[in-house]
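Please read them with the sequence and the structure open beside you.

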Amino acid sequence: MPGDNCSVVGCGSCRKTKGIGIWKLPAPRNETYKKWRLDWLNQLTISREIDKNFQRLIDNDRVYTCEKHFKPEDIEIFHNEKMTLKKPKFGALPTINMPQKSITARPVIPRKPRSIVKDYSQDSEKKRSIYKDFGELCKRVQSLKTLSGYTVNILEDRIEIKNYKESLLLPELEVVIDDSLGFTLKVYGFYLPDDHEPYSQYFRSVTNTTVANLVKEIESHVVCHGVNATISAHVVHHVIPKSVDHLTVEDNVNSFPHEEYWRVKDCEILCSGLDQCARCSKFVQTEEKSKMVKQRKLTQPAHINSPVSQTPPERLKLTLQMQRMRCSQLENQLRLMQEELNKSSVHIDHELSKDFISIMGKTKHEITPFMNLFWQQQQKLFATNSTGVRYHPMIIRYCLSLVAKSPSLYEELRNSGILVLPSQRTLRDYRNHIRPQRGFQEGIIEELKSITNSYFDVQRYVVLLFDEMKVLSNLVFDKVTGELIGFVDLGDPDVNFPLD
């Protein structure tokens, strides 16, 4: 793609080149990054002019620089399971493998003559102690006085250096050096993590240090004591068997003599001056915090819906005490309310479902048949379930009359819960399919035609019968539209309530 190549003149690296890192100019997120971006761009423009094409790359943020122009110590490398990532350190600038203009090239300054130094410096001594190959290592290890207390086993492909402690079957320290001069460390059979200090300091190879210095470095550390015995997914059991003389062993000695440790999975094993490594110490602090949280929870009552099988007995006890206190408070409030009602001379029956008929029977006024029917139906509706209710036709007619007068008032009365009334959706099922009007209804004829179109043979014979009708009194019609509003007087028991 255009603009994806390295911006250094003469460099052929691009983003598709494998194994070569290539990076954009730093984003100007703050003042320090702006200065880093400007210095980076100045290094690139020393050896090239800012023409139209390069200015367009700068404006579009498509200026790239490959890792060939950065010093190795200015590059950070990250390894993961899938790939290796590289990026320049903050403030790093491309300063190597950069083309120079002829006017800026400096003449080569001849070196000054120096006298020969006969004394060897400390760096030369270090270089002389580095092993060249595995054969030289085997020869020099055999004569090391530092390993006088160690067991050295030289094999064809490796050297095993072990230091045993009294009464323990596993070596306290074991150093294994393979034929490629790489070394591996074990403490009581437990491998050191790959990011431990001896590995990172000497790059896990004796080409960078001597065996004597390596052993001294390890001996300066202390074995981590681990954590307390616990069962956790992050803790492993480290067992070290002991050697016991069967002639001197006593009867009360354990049949399997051993030393044991509990460690986190990534324990450092060796510590510098401490009895516990940083990772085990962090785990102990986390466990102590979790214990404190659990102890704090045990002093609080559980939720009322908490499962009993998973709730500690202490919290169940506190919950029971809390519920008892609440029940006691409610009983006290109920007792006080009862006393106040008794003082006010108001008789309250504990059974709130009092018979409406007996209440209305004590009145001096005359009770109409419809009123008697209405309260009987209300008593029945209060006692039945809300689903599958069958309302009396008189109740339906009365409710249709109320809805016709004021739907909002009817809905307010129904939602109050004082009476059990059918919903407006139920009432719509009882209304006519065609709204009644005065005069000849053409809509009814059209409806009959649509119904009879599916009939055949004898079914197509339809007879329309017009009979006389009697308009009852006390019916109210709208004076503008002529629509029937409803029946007003409900006090006459002999009146038949017509269907809409």
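1. The accessible surface of the chain comes to about 37,400 Å², and 53% of that surface belongs to carbon and sulfur atoms; accessible areas here come from the Shrake-Rupley method with a 1.4 Å probe, and for residues only the protein chains shown count as cover. This is a predicted model, in which local features need pLDDT of at least 70 and side-chain atom pairs count only at pLDDT 80 or more, while totals for chains, interfaces and linings use all residues. Residues are numbered from 1 along each chain as its sequence is written, and side-chain values use heavy atoms, with hydrogens and water left out.

2. The chain has 500 residues, of which 25% count as buried, where buried means under 20% relative accessible area, exposed means over 50%, and partly exposed lies in between (1.4 Å probe, protein chains only). It holds 14 helices and 15 strands, helices being DSSP runs of H or I with at least four residues and strands runs of E with at least two, numbered from the N terminus.

3. An open sheet is formed by 5 strands in the order 5-6-7-8-9, with antiparallel pairing; two strands pair if DSSP finds at least two bridges between them. Strand 5 (151-154) and strand 9 (190-191) stand at the edges with a single partner strand each, so one side of each is left without a neighbour in the sheet.

4. Within this sheet, strand 5 and strand 6 pair in the antiparallel sense over 4 bridges, and a hairpin joins the two through 3 residues. Val-152 has Ile-161 in strand 6 as its bridge partner. Strand 6 (residues 158-163) is in turn joined to strand 7 (residues 173-178) by 6 bridges, again antiparallel, and here Ile-159 stands opposite Ile-177 in strand 7.

5. Which residues have the most contacts inside the largest nonpolar core? They are Leu-137, Val-175, Phe-183, Val-206 and Val-211, in a core of 41 residues; a nonpolar core is a set of buried Ala, Val, Leu, Ile, Met, Phe, Trp, Tyr and Cys residues joined through side-chain atoms within 4.5 Å. Leaving aside neighbours within four places in sequence, Leu-137 is in contact with Tyr-131, Ile-159, Ile-177, Leu-181, Val-206 and Val-211. A second, separate core has 19 residues, including Ile-22, Leu-44, Val-63 and Tyr-64.

6. Leu-214, found in helix 6, counts as buried because its relative accessibility is 0%. With neighbours within four places in sequence left aside, Leu-214 is in contact with Val-175, Phe-183, Tyr-202, Val-206 and Thr-209. Leu-214 and Pro-198 are 16 residues apart in sequence, and their C-alpha atoms are 7.8 Å apart in space.

7. The structure holds 14 salt bridges, each defined as a side-chain nitrogen of Lys or Arg within 4 Å of a carboxyl oxygen of Asp or Glu. One of them joins the side chains of Asp-39 and Lys-35 at 3.1 Å, N to O; both residues lie in helix 1 (residues 31-45), 4 residues apart, which is about one turn of the helix. Asp-39 counts as partly exposed at 25% relative accessibility, whereas Lys-35 counts as exposed at 55%.

8. Another salt bridge joins Asp-194 and Arg-204 at 3.2 Å, N to O. This pair links distant parts of the chain, 10 residues apart, with Asp-194 in the loop between strand 9 and helix 5 (197-202) and Arg-204 in the loop between helix 5 and helix 6 (211-219). Asp-194 is exposed, with a relative accessible area of 60%, while Arg-204 is partly exposed at 31%.

9. Is Glu-160 buried or exposed? At 13% relative accessibility, Glu-160 counts as buried.

Terms used: Contact means heavy atoms within 4.5 Å.
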